[in-house]
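Here is a short briefing to read with the structure open beside you.

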Amino acid sequence: MTACSEVADAADPSDAAGTIALAGAELRLDPAGGLFWPAERMLIVADLHLEKGSSFAARGIALPPYDSRATLMLLAAMVERWRPRAVVSLGDTLHDRRAGSRLGPAERDLLARIGHGREMLWIAGNHDPDVVPELGGVHLPELAVGGLVLRHEPRAGAVREIAGHLHPVARVVRRGRAVRRRCFATDGRRLVMPALGAYAGGLNVRDRVLAGLFAPSFEAHLIGGARTYRLAHHVCAPDR
């Protein structure tokens, strides 16, 4: 039995093809880890952490130097799929303040292709709080649009919010097997995005830092191949 079938066994069969409602807005969950908002023709992603590999290499930790390219290729595929008028990145687009200068020609070309003919909006994160000339586009502390607020770090008590920062993952155990995947986390009032970055880690949705943001009942939408899988919070297992 495959990992995805294990997840499907635990998922809610009423999952409506990756469509969720958030404070009255209809949103589509892309199985690559992005969020498309049809009414605004907006694609939202979070925590790309570009050039994390080169940041680690500078500290003597050898990692394959292809994370930025892999992450941007995921983003480019989502842009091709949804054809948004605007792309919003919810902070930590870059892994550190100097990461923009380390982007190679292939990565800069991908960024140019992604941004061609559309608005690119970069929300400030804790890793990249300053304007980054190499990214182009518009840099903002946060963005209010269509009755929702888009920001990097979730705020205590906030509603009508889409945020990143916490890199949610969910763990499912079925028939003695465990599957741990990046996920969207939501209670219908706010949503926390998965990290898109190839080298980004993850925080279990059952961790009190994440679970404490939501109402007692919330959902995790696991990223799994060609679709997402909706799981009730009580189905998700904590990390050991």
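Let's begin with a charged pair: the side chains of Arg 83 and Glu 80 meet in a salt bridge, 2.6 Å from N to O. A salt bridge here is a side-chain nitrogen of Lys or Arg within 4 Å of a carboxyl oxygen of Asp or Glu. Please keep in mind that this is a predicted model, in which local features need pLDDT of at least 70 and side-chain atom pairs count only at pLDDT 80 or more, while totals for chains, interfaces and linings use all residues. Residues are numbered from 1 along each chain as its sequence is written, and side-chain values use heavy atoms, with hydrogens and water left out.

**More on charges**

- The structure holds 15 salt bridges.
- Glu 40 and Arg 85 form one of them, with an N to O distance of 3.7 Å.
- This pair links distant parts of the chain, 45 residues apart: Glu 40 lies in the loop between β3 (35-37) and β4 (42-45), and Arg 85 in the loop between α3 (67-82) and β5 (86-89).
- Arg 85 is partly exposed at a relative accessible area of 32%; buried means under 20%, exposed over 50% and partly exposed in between, using a 1.4 Å probe and protein chains only.
- Asp 109 pairs with Arg 113 in a salt bridge whose closest N and O atoms are 3.9 Å apart.
- Asp 109 and Arg 113 are four residues apart in helix α5 (residues 105-115), so about one helical turn separates them.
- In that pair, Asp 109 is partly exposed at 42% relative accessibility, whereas Arg 113 is exposed at 53%.
- A network of salt bridges links Glu 142, Arg 151, Arg 155, Glu 161 and Arg 190.
- The chain has 31 positive and 26 negative charges, and their mean positions are 4 Å apart. Lys and Arg count as positive and Asp and Glu as negative, leaving out His and the chain ends; each charge is placed at NZ of Lys, CZ of Arg, CG of Asp or CD of Glu.

**Overall build**

- The chain has six helices and 16 strands, which are DSSP runs numbered from the N terminus (helices: H or I, at least four residues; strands: E, at least two).
- With a radius of gyration of 17 Å, close to the 18 Å that the globule rule gives for 240 residues, the chain is as compact as a globular protein of that length. The radius is taken over C-alpha atoms, and the rule is 2.2 Å times the number of residues to the power 0.38.
- Along the principal axes, the C-alpha atoms fill a box of roughly 45 × 40 × 35 Å.
- Buried residues make up 50% of the 240 residues.
- Of the contacts with a separation of 6 or more, 69% are between residues 24 or more positions apart; contact means heavy atoms within 4.5 Å.

**A buried strand residue**

- Leu 35 sits in strand β3 and is buried, with a relative accessible area of 0%.
- Beyond its neighbours within four places in sequence, Leu 35 is in contact with residues including Leu 27, Met 42, Ile 162, Phe 184 and Met 193.
- The C-alpha atoms of Leu 35 and Ile 162 are 9.9 Å apart, although 127 residues separate the two along the chain.

- Ala 23 is not a glycine, yet has a positive phi of about 50°. Ala 23 lies in the loop between β1 (19-22) and β2 (25-29) and is partly exposed at 23% relative accessibility.
- His 49 also has a positive phi of about 50° without being a glycine. His 49 is in the loop between β4 and α2 (52-58) and is buried, at a relative accessible area of 6%.
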